[in-house]
Amino acid sequence: MSTTESRPATAGTTKTAADQAVKETLEDYTLRFAPRSYRRWTPMVVATTALGGIAYMADFSIGAGIGLAHGTGNALVAIAVAAVVIFITGFPLAYYGARYNIDLDLITRGSGFGYYGSVLTSVIFASFTFIFFALEGSIMAQGLKLGLGLPLWLGYLVSTLMVIPLVIYGMKALSKLQVWTTPIWLLLMVGPLVYLVTNDPGTVDRFLAYAGTDGDGGVNTASVLLGAGVCLSLIAQIGEQIDYLRFMPPKTETNKRTWWTAVVMAGPGWVVLGALKQAIGVFLAVYILAKVGPAAATEPIQQFRGAFDAMMPSWMVIPLAVALVVISQIKINVTNAYSGSLAWTNSFTRVTKHYPGRMVFVLVNLGFALCLMEADMFSFLNSILGFYSNCAIAWVVTVATDIGINKYLLKLSPLQPEFRRGMLHAVNPVGVVAFVAASGLSIAMYFHLLGDTLQPYSPVAAAVIAFVLTPLTAIVTKGRYYLRRTDDGIDEPLLDEDGNPSAATLDCHVCHQPYERPDLAACATHNAMVCSLCLSTDKIGDHVLPAAA
């Protein structure tokens with residue numbers, strides 16, 4: 001996107017590319033810092049929107065799969081262990097996203113990975129979104145087959161195509177969708193559970209006594225860790241929560257209580273509801289097991305069909321079960337498609353210096369998801385999630401450790417996150433080394449390469465190695481690979497008197513649009529400022545500031 005006076009022949013082409021990128025990314029600040037002028041929602045509206053995205057049915061399947069294999073006791077302990085880890089690691093990430101109004105990829109860049117190093121984690125996150133899109137799409141296809149008789153292959157296609165119109169419009173459309181559908185979803189999910197527990201207390205006794213196909217009724221470490229490893233595949237969900245939390249209003253003395261409540265509730269707090277849904281999945285699977293068998297008992301459509309059947313006329317059962325599944329799938333898969341498109345676009349733009357448009361990667365992400373669905377990923381769900389969790393844990397623990405220890409305790413990592421090209425080194429060994437070592441060794445353990453005894457401990461290894469290596473590498477390198485330079489060439493302060501990103505507006509001389517202060521840096525060749533996206537797409541680096549001496 002370079003435009004200088006010395007190359008007038010390419011100026012028209014460049015300006016067209018810049019205009020195209022600017023027009024789309026300003027709809028919901030794709031790849032960018034989210035400015036104060038756009039963030040007009042209250043903290044609770046942002047929180048409700050973010051929590052609407054966790055209406056997925058996968059939790060019921062995950063909980064059911066763990067419970068049927070290892071028994072209720074092991075499943076509940078595994079769910080609790082995973083929830084604690086997810087909450088602790090998610091808190092600093094959610095705070096940084098809401099406080100500095102940037103997504104998890106931009107946080108990752110300045111938290112140990114570097115400008116290009118975080119491409120690794122963007123791909124990990126993009127993979128998370130299409131894996132879980134495929135899972136939710138599979139669940140919806142099961143519902144459409146039961147309710148409408150659609151063959152699974154057609155149900156997969158319908159569940160994929162129906163979200164495209166909703167994803168195009170970004171945060172404005174998604175906030176309305178999530179807010180209006182959440183009460184209906186909660187009523188359909190909680191109602192049958194309350195009915196079963198109050199009208200047939202014996203269901204609780206059978207649930208608590210279930211020993212599982214691989215267990216003897218007792219709680220053992222190996223089963224708990226295997227179950228927790230599957231649950232921990234959801235640790236990357238914090239990235240989707242931050243895609244909404246970045247639109248939080250500034251934190252002030254007036255709103256700080258509601259601001260913190262919203263951040264905790266919609267950030268790491270998502271896992272509280274997630275863990276409850278997993279436990280409900282175990283309960284419902286045990287409830288319907290004798291009627292439908294172990295294979296179907298992990299399908300949410302069958303779980304809620306059985307629950308609704310106990311409390312209402314038969315003609316209402318399947319329509320309500322299908323409605324619940326369809327609402328849930330739409331709520332989460334618009335988020336999966338949206339967040340996945342951001343991750344892919346972010347990676348592609350940095351590597352190629354070209355912005356192809358977010359819609360291209362909406363389709364790419366949906367294509368990957370559709371392939372997984374057609375390959376019947378639901379039948380080997382726990383294997384996919386158990387493998388994936390090793391990479392997700394290594395990434396999230398590395399970034400959370402960098403924020404919590406390297407920034408606040410060791411003071412080796414800059415306290416304020418940096419994401420702009422030119423300000424960061426291409427690769428920071430702190431995060432990259434910790435992530436590669438943690439994910440590589442834990443994956444080797446998961447595939448029994450270090451013996452059968454250690455295999456259940458792969459998620460523990462991923463977390464511990466990332467937690468230890470992140471500060472250790474920062475100490476060894478003395479933190480010198482975080483910032484390429486400390487001065488961005490603009491006199492205006494980055495933060496206001498409350499510590500929030502400044503709302504001062506300056507013009508980018510490449511795309512000629514106004515941006516708030518945190519999204520800009522000085523130009524290397526002009527007495528002017530350049531926005532972060534124009535820096536990202538500057539193919540020959542004309543505008544990128546040189547490294548500080």
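Colleague: Why does Thr 349 count as buried?

Modeller: Thr 349 has a relative accessibility of 2%. A residue is called buried when its relative accessible area is under 20%, and therefore Thr 349 counts as buried. Please note that this is a predicted model.

Colleague: Where is Thr 349 placed, and what is Thr 349 in contact with, leaving aside its neighbours within four places in sequence?

Modeller: Thr 349 belongs to helix α17, which covers residues 314-352. With neighbours within four places in sequence left aside, its contacts are Leu 31, His 354, Tyr 355, Pro 356, Leu 533, Ser 536 and Thr 537.

Colleague: What makes the approach of the side chain of Thr 349 to the backbone oxygen of Thr 345 a polar contact?

Modeller: The distance is 2.7 Å, and the limit for such a pair is within 3.5 Å. The value of 2.7 Å therefore meets that limit.

Colleague: How do you know that Ser 439 is buried?

Modeller: Its relative accessible area is 8%, and the limit is under 20%; Ser 439 is therefore buried. Ser 439 is found in helix α20, residues 429-446. Not counting residues up to four places away in sequence, Ser 439 touches Asn 390, Cys 391 and Ala 394.

Colleague: Which backbone oxygens does the side chain of Ser 439 reach?

Modeller: The side chain of Ser 439 reaches the backbone oxygen of Phe 435 at 2.7 Å and that of Val 436 at 3.4 Å. Polar contacts must lie within 3.5 Å, and the distances of 2.7 Å and 3.4 Å meet this limit.

Colleague: Why is Ile 79 called buried?

Modeller: Ile 79 has a relative accessible area of 4%. The cut-off is under 20%, so Ile 79 is buried. Ile 79 lies in helix α4, residues 72-100. Apart from neighbours within four places in sequence, Ile 79 is in contact with Cys 231, Ala 275, Gln 278, Ala 279 and Val 282. The C-alpha atoms of Ile 79 and Gly 274 are 9.3 Å apart, while the two residues are 195 residues apart in sequence.

Colleague: What makes α14 and α16 roughly perpendicular?

Modeller: Helix α14 (residues 270-292) and helix α16 (residues 300-309) pack at about 80°, and their axes are 9 Å apart. Angles of 65 to 115 degrees count as roughly perpendicular, and therefore α14 and α16 are described in that way. The contact of α14 with α16 divides into seven nonpolar, four polar and two charged residues.

Colleague: How do you know that α3 and α6 are roughly perpendicular?

Modeller: The axes of α3 (residues 58-70) and α6 (residues 119-148) cross at roughly 90° and come within 9 Å. The range is 65 to 115 degrees, so α3 and α6 are roughly perpendicular to each other. From α3, Ala 58, Ser 61 and Ile 62 take part; from α6, Phe 132, Leu 135, Glu 136 and Ile 139 do. These residues divide into five nonpolar, one polar and one charged.

Colleague: Why is the radius of gyration of the chain said to agree with that of a compact globule?

Modeller: A compact globule of 549 residues would have a radius of gyration near 24 Å; the chain has 24 Å, and therefore the values agree. The C-alpha trace spans about 75 × 50 × 45 Å along its principal axes. Buried residues make up 60% of the chain, whose secondary structure comes to 22 helices and four strands. Of the contacts with a separation of 6 or more, 79% join residues 24 or more positions apart.

Methods. Residues numbered from 1 in each chain as written. Predicted model: local features only at pLDDT ≥ 70, side-chain atom pairs only at ≥ 80, totals over all residues. Heavy atoms only, no water. Axes fitted to C-alpha atoms, helices over the stretch in contact; angles between N-to-C directions. Helix = DSSP H or I, 4+ residues; strand = E, 2+ residues; numbered from the N terminus. Parallel < 35°, antiparallel > 145°, perpendicular 65-115°, else oblique. Nonpolar A, V, L, I, M, F, W, Y, C, P; charged D, E, K, R; others polar. Contact = heavy atoms within 4.5 Å. Buried < 20%, exposed > 50% of the residue type's maximum accessible area, 1.4 Å probe, protein only. Polar contact = N/O pair within 3.5 Å; in protein donor to acceptor, adjacent residues only side chain to side chain. Rg over C-alpha atoms; globule rule 2.2 N^0.38 Å.
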